[in-house]
Amino acid sequence: MNAEKIILQDKETPTLSSAAQLNLPKKERICKKKIIDILFSKTSPSFSQYPIRIVYNVLSEEEETLQSEPVTILFSVSKRHFKRAVKRNRVKRQLREAYRHNKATLIEVCQQKEIKLSVAFLWLSAEIWDTEKIASKMQQIICRLINELSPREHTLNDTSE
C-alpha cells in the first residue's frame with residue numbers, strides 16, 4: 001500500500017492551468033435569455049464554415065456584468081436536420097469536444113484585449129460528421145474568429161481619434 005502511494009506521488013500530475021483549460025464548466029456556457037437575445041439580434045456578426053455557422057457578439061460595458069467569463073458559448077443542432085435527440089446530442093457532444101480542445105487561444109486573445117465574447121455554434125449539415133473533421137473545422141473557425149476580432153479593435157481605435 002505504501003509503495004503504491006510513493007509511485008503515485010512520483011508521477012507528474014497535470015498542473016491546474018493545463019487541466020482547467022481542457023474542461024468546459026457551466027459558467028462558460030450561455031444560460032441567460034438576455035445574452036441569447038443579444039447574441040441573436042440582427043446586429044450580431046456571423047459567418048459560416050460548413051457545416052458550422054458561428055454567431056458572435058462582443059459585449060458592451062453594460063452587458064459585461066451579465067457574464068463573468070471572457071468567452072461564453074452555446075451549441076445548437078436543429079431538429080429539422082436530426083429528428084432523434086440521440087443524433088442531435090451526439091453532434092453537440094462532438095462540437096463541445098472540438099471547442100474544448102481549441103478554446104485556449106480564443107480565451108487568451110479575449111483576455112489580452114479585455115473583451116467579453118458570446119459565441120453560438122450552429123450545426124448546418126443534415127449528416128453526422130467524423131469527430132476529426134469537426135475538430136479541424138473548429139480550429140479553422142476559431143482562427144477566423146480571432147482574425148475578425150483583431151481588425152474590429154483597430155477600427156474602434158481609429159474612429160475615436
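I searched the whole structure for disulfides and found zero, taking a disulfide as a pair of cysteine sulfur atoms within 2.5 Å. This is a predicted model, so I keep to its rules: local features need pLDDT of at least 70, side-chain atom pairs count only at pLDDT 80 or more, and totals for chains, interfaces and linings use all residues. Residues are numbered from 1 along each chain as its sequence is written, and side-chain values use heavy atoms, with hydrogens and water left out.

**Confidence.** I looked up pLDDT, the predictor's confidence in each residue, from 0 to 100. The protein chain averages 82, and 80% of the residues score at least 70. Residues 1–16 stay under 50 and have zero contacts beyond four places in sequence; contact means heavy atoms within 4.5 Å. Residues 153–161 are also below 50, with two contacts beyond near neighbours in sequence. A reminder to myself: where pLDDT is low, the predicted coordinates should not be read in detail.

**Cysteines.** I checked accessibility, with buried meaning under 20% relative accessible area, exposed over 50%, and partly exposed in between (1.4 Å probe, protein chains only). Cys31 comes out partly exposed because its relative accessible area is 48%. Cys143 is partly exposed too, at 47%. Cys110, in α4, is buried.

**Helix α4.** Helices here are DSSP runs (H or I, at least four residues), as are strands (E, at least two), numbered from the N terminus. Where is α4 kinked? The kink is centred on Asn102 and is about 55°, in a helix that spans residues 85–113. The bend at a residue is the angle between axes fitted to the seven residues ending there and the seven starting there. Asn102 is itself buried, and other buried residues of α4 include Leu95, Ala98, Tyr99 and Leu106. Just after the helix, I noted Glu114 with a positive phi of about 55°.

**Gln67.** I found this residue in the loop between β2 (52–58) and β3 (71–77). Gln67 counts as buried because its relative accessible area is 4%. Leaving out residues up to four places away in sequence, Gln67 touches Ile35, Leu59, Thr72, Lys116, Leu117 and Ser118. Its C-alpha is 8.6 Å from that of Ile30, 37 residues away along the chain.

**Lys137.** This lysine sits in helix α5 (residues 131–160).
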